[in-house]
Amino acid sequence: MAIRYWLGVAQRDNVQRGVAMGFAQAGYRLRTTLEGMRESDGVVYYSPKTAVEGELLREFTAIGFVAEGNAYEFRSPETPSGTYVPWRRRIDYDTDAVSTSIRPLLNVLEFTRSDPDWGYQLRRGLLEISRHDYDLIRRQMRRM
């Protein structure tokens, strides 16, 4: 099966927590997308803001590959019944990658270059992107 590439959208503080713990997280409505990911698929996170009530950021904030294992529901012992229960997938993040602005890439990324309303599609929270876009973002995040 061919490797696929995914773009997750989350505030930077949530992404950093996921990187530290080695997972990608999504709500129930994205469960099937997480389950459809395969080992070695590429994952990159875009963060529009630093936090829910934070400052605008508009940066790619993490990148890596799906690790071995399946998607799983995360319910801690402290989770009250009837509350938000996310789904997770293990990710091997590139810890040498640095955050990079989306602005210089807008005219070259396939998912943004011909769409003035490119941000609208990000509302889905998790979408498939091309290998071209993933590789371009990865090169930008590896610049030192």
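In which strand is R58 found? R58 is found in strand 4, which covers residues 56–66, where helices (H or I, at least four residues) and strands (E, at least two) are DSSP runs numbered from the N terminus. This is a predicted model, in which local features need pLDDT of at least 70 and side-chain atom pairs count only at pLDDT 80 or more, while totals for chains, interfaces and linings use all residues. Residues are numbered from 1 along each chain as its sequence is written, and side-chain values use heavy atoms, with hydrogens and water left out.

**Overall fold**

- The protein chain has three helices and eight strands, and when read along the sequence these follow the pattern β-α-β-α-β-β-β-β-β-β-α.
- The radius of gyration of the protein chain is 15 Å, which agrees with the value near 15 Å that a compact globule of 144 residues would have; this radius is taken over C-alpha atoms, and the globule rule is 2.2 Å times the number of residues to the power 0.38.
- Along its principal axes, the C-alpha trace of the protein chain spans about 45 × 40 × 30 Å.
- Of the 144 residues in the protein chain, 44% are buried, where buried means under 20% relative accessible area, exposed means over 50%, and partly exposed lies in between (1.4 Å probe, protein chains only).

**Strand 1 and its partners**

- Strand 1 (residues 5–9) has four of its five residues buried, so it is largely enclosed by the rest of the structure.
- Strand 1 pairs with strand 3 (residues 42–49) in the parallel sense over five bridges, two strands being counted as paired if DSSP finds at least two bridges between them.
- Within this pairing, G8 has Y45 of strand 3 as its bridge partner.
- Strand 1 is also joined by four bridges to strand 8 (residues 126–129), and these two strands run antiparallel, with W6 standing opposite E128 in strand 8.

**Salt bridges**

- Side chains of opposite charge can pair when their charged atoms come close.
- The structure holds six salt bridges, each defined as a side-chain nitrogen of Lys or Arg within 4 Å of a carboxyl oxygen of Asp or Glu.
- D94 forms a salt bridge with R142, and the closest N and O atoms are 2.8 Å apart. The pair links distant parts of the chain, 48 residues apart, since D94 is in the loop between strand 6 (87–93) and strand 7 (100–101) and R142 is in the segment after helix 3 (131–141).
- D94 counts as buried at 15% relative accessibility, whereas R142 counts as partly exposed at 35%.
- A network of salt bridges links D94, R138 and R142.
- R131 forms a salt bridge with D135, with the closest N and O atoms 3.2 Å apart, and both residues lie in helix 3, four residues apart, which is about one turn of the helix.
- R131 counts as exposed at 54% relative accessibility, while D135 is partly exposed, with a relative accessible area of 26%.
- The side chains of E73 and R75 also meet in a salt bridge, at 3.8 Å from N to O; E73 is partly exposed, with a relative accessible area of 39%, and R75 is partly exposed, with 48%.

**The largest pocket**

- The largest pocket holds about 480 Å³ of space, a volume being the space filled by probe spheres set on grid points that are joined across faces, edges and corners.
- A pocket is found on a 1 Å grid over the protein atoms alone, as an open set of points where a 1.4 Å probe fits, with protein on both sides within 12 Å along at least five of seven lines, and lining residues have an atom within 4 Å of a point.
- The largest pocket is lined by 25 residues, of which V9, A10, N14, Q25 and A26 lie nearest its centre. The elements that give two or more residues to this lining are helix 1 (12–21), strand 2 (23–26), strand 3 and strand 6.
- By class, the lining has 16 nonpolar, six polar and three charged residues, where Ala, Val, Leu, Ile, Met, Phe, Trp, Tyr, Cys and Pro count as nonpolar, Asp, Glu, Lys and Arg as charged, and the others, Gly among them, as polar.

**Backbone angles**

- Most residues other than glycine have a negative phi.
- S40, which is not a glycine, has a positive phi of about 85 degrees; S40 is found in the loop between helix 2 (31–36) and strand 3 and counts as partly exposed at 34% relative accessibility.
- R58, likewise a residue other than glycine, has a positive phi near 55 degrees, and R58 counts as partly exposed at 32% relative accessibility.
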